[in-house]
Amino acid sequence: MRIWFCSKLRVALEYPREMDFGKVLLGERKEHPLEITFTNNSPLRKDTDGGVAGTLEGCQGSLPVGQRGHGRENRNPRPDGPLTLLFPRGEGSSIFPTFPVASKRSKQKKKKPDPLKTGTGRKSSPTQATAPSPLARTLAWIGFSAVLLACIAWVATHAFLVDAVTVRLCNEADKNIPVEKRMPVFLSEIAFDGYAWNRHAEHLGENGEWRVRHTDFDNAPEGREVHWNSAFAWYLRGLGEIYRAVTGDSLRNSIYRMSIWANPILLVLALGIFATLSARRFGPLCGSVIAIGMVAVPTFYEGFMPAYPDHHGLIAFALLGMLFGIAWAGAGWVQNEGGNDFAPPHTLRQARHGMIFSAICGAAGLWISAFSAAVVLGAIGVSAITATLLLGRMARIKAGGGFHQELWKYWGLWGAGGSLVFYLLEYFPFNMGIRMEVNHPLYAIAWLGGGWAIAVLTGWICGNGGKSNPFPWRNLIWPSLACAFLPLVVLLGGNEVYSAKDPFMIRLYKNIAELLPLMMRIRMGGLTWGAAIGWFPVFLLAAATLQMSRVVGRGTKAVLIFLAIPILLITALQFYQVRWGMLAGPLYIALAGIVVPQVWRLVPRDALSRAVVAAMLLSFGYILVAPTFKNTFTIAWAQFRSGDKVSITAGQGLALLHRQMARAILDDAAGAPVVLLSSPNSSCLLSAMGGFRTVGTLYWENVEGLKAAAAGLNAQNDEEALAFMKKHGITHVSMMTWENFIGPFFGILYPKPVPGKSYENSFGKRALFDKVIPPWARPLAFPPNDLSKGMQQTVLMLRVAPDQSLNEAKFHLARFSRLVEGNPITAEISLKEILDNAPDSSAVRMELVDLYVSQGRHRDAANQALAAMKSLQPDLRRSVASQLAERFTAAGQPDLAAEMLKAAEAPAKPN
């Protein structure tokens, strides 16, 4: 049956069973849609048999239920589609146009498919078109809420366990130390940067500087520039101030205690905001996937772990937001209001919001870590152009849908503006130099040019190229120059512009584990394929499989291509340097957030199919989540439940050992300022915990400090080493076998053999391994303990004392031989040699007393004590005698104890 509203108008109707006549879409074929809102006097109404009847300008007609236009039986009825009136192309632009008389025999031109509705232009499957029931939607949101709360509980529980165990271990280690002398809690074993962050937070505001621009933390005595973002330092300082106000503890200890919670707090906020926004945009399943990914993907969650106060988590979140924001915008693809494609937005306004969110996240990423953000920005450009090349030639704008290249200009404008704002916030007006390692206006210019270039290229691609649409060379001139200016400055500038070009730094990077190639790390045993790659490439395989589906919309396919390509580029960089693998986590989370819901949309709505697919997805989720959950909670939970006897990890042991070393240095300094020479990692731990200054730390701003530390540890004789100590104001030297860096420093300083330079002659090697202590150095008595023995670490700490006499040097070496090296015979010989030259030295004799008592030679000990007390003042003599009497009594020598007390009353020997 052919439906005629009048003799001159032919229409096709699609309608839902429950017709809503408040809003109807009226569209011309191959033209933009016209949205018409009908009043209560609408000419369209339901017929008595459930069909549609109505009058347009005096023309009337009807369509029974189950029928479609052109009189054909609807073999696959669509119960949920909108009411659409499709007119022949070409004539009229009013709401009710006038058409020429159409012959009944004339052939109607076939409608071209909407490239954004399905992959092939065929009808969408019933499962895609049918909206879920209110009950299903409610259950989906309840499920999302449960997942979100479970993820928040994951983060909070982990932080609580780490906090409880850390405080317990520190309290146990400090039980014999007065409260006012207790060191701050230690951080995670990977949180070397966290110690530096806490140092910056502690000293914010000194000398009127409220931005982190300079520090005396390292590169003593001058200090050096700092180019870390000030916001995170202020965040740590704020948490510390709150804790100090509540507990009354010192600022340093307060900052460290809250550093355990700093990043978990940020992750909880990120989960609540970002996962909820994702659920609102793409549905509860997408939000659930995003939330689970943020706690279960190791390379993402690692940046937010407890006791790891660093900006790596923030940069991971910024990259996730930058990439997923573009997915929210459909990567430039926009579908019709009535479209049912999954990923593309339905309006340009929605797409612009996604681009704004991406740009702001990217600008924040440049502020936090410019190089990491710049690499992903470059990958975004490649992805956008590639996706358009593969799918854009059929993306002509139709009825409001299609590819909108102007969105990329919008993205470039917002990104460049945000980057410039963050730069001014950090550097204006006093520190506006040219450092390409950090955010700079050149990045903003490059971003603006990149956004324009993407828009121009994708617009040309969607125009199908050819003679009628030649390549837009002229339009690409200024965007290309804008993009090229940044790398040209890096390439042509010196070390003052980009420190990584310094030959010293280039050689140094070869000795840092995270900068080594992936295959080398795997061969060395420090990494496995599972830890480096894992099961995450399955999402890439799923995205590739969805490209072959005839049901998945073209816009969704484009978004999947867009999200997949950065992962491939980052993985290629990971083979070059392992550290780039840390950026893969947020990229995989973004891809999974689109892949999983799209797969679920393809599942038939019958209960059996959904149950089978749900079981498969849950099983795969378990494979991904279970190892992370185990690694996160197993050790912390076991330690939490262990009571007083806690089995510590190697990282915890090293941190506790460094706390003890820092305490020993402070006690030896007796309140005097300390400047420390040590290996790079020990320099961070010791100086941050003890609050003193150091020289060499592994930061690109500290190139001069690293060079100085390398030269000092590899001084070729005692005189050269002492000259270095005086030049840099070094008061103490700390070395241990763990990451001592003496050998690597020598290889970096002298990559080729140099006459007169030898590792064997290096000051650090001779002191730490050969036990050749210079005469100007005073070794600290730091005996091996359970920590150092358990980790098989040799610790050597020296005080620089160039003015000490030869006898003083021998005395401290003797104590070192007895207490540290466990060689009492050598110590006794040295002490007796000193007595031959200075027989009245009470300090030497009392040292012999300790030596003899420890050996059970009580009579010899008493003789040395009696000789020492003759030159002591009465008060001091009585104190010494009382202590010795207690020791002799405890050793079962009451006669010697009485002799000590009697000698205490004898007159002192005149000087």
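Hi everyone. When I say two residues touch, I mean they have heavy atoms within 4.5 Å of each other. And keep in mind that this is a predicted model.

Let me start with Glu496, in the loop between helix H13, residues 477-492, and helix H14, residues 503-509. Leaving aside residues up to four places away in sequence, Glu496 touches Ile434 and Arg435. Glu496 and Arg435 sit 61 residues apart in sequence, yet their C-alpha atoms are 7.2 Å apart in space. So is Glu496 buried or exposed? Exposed, because its relative accessibility is 60% and the cut-off for exposed is over 50%.

Next up is helix H17, residues 537-547. Its buried residues are Phe539, Leu540, Ala543 and Leu546. These cover an arc of only 125 degrees around the axis, so they lie on the same side of H17. And what do the buried residues of H17 pack against? Three helices are listed here: H18 (554-576), H19 (584-601) and H20 (607-641).

Last, a helix pair. The axes of H30, residues 842-855, and H32, residues 874-890, come within 12 Å and cross at roughly 10 degrees. Angles under 35 degrees count as roughly parallel, so that is what we call H30 and H32. On the H30 side of the contact we have Met846, Val849, Asp850 and Val853, and they meet Val880, Leu884, Arg887 and Phe888 from H32. By residue class, this contact of H30 with H32 has 6 nonpolar residues, 2 charged ones and no polar ones.

Methods
Residues are numbered from 1 along each chain as its sequence is written. This is a predicted model: local features need pLDDT of at least 70, side-chain atom pairs count only at pLDDT 80 or more; totals for chains, interfaces and linings use all residues. Side-chain values use heavy atoms; hydrogens and water are left out. Buried means under 20% relative accessible area, exposed over 50%, partly exposed in between (1.4 Å probe, protein chains only). Helices (H or I, at least four residues) and strands (E, at least two) are DSSP runs, numbered from the N terminus. The arc is that of the directions from the helix axis to the C-beta atoms. Axes are lines fitted to C-alpha atoms, for helices over the stretch in contact, and angles run from 0 to 180 degrees between N-to-C directions. Angles under 35 degrees count as roughly parallel, over 145 as roughly antiparallel, 65 to 115 as roughly perpendicular and the rest as oblique. Ala, Val, Leu, Ile, Met, Phe, Trp, Tyr, Cys and Pro count as nonpolar, Asp, Glu, Lys and Arg as charged, and the others, Gly among them, as polar.
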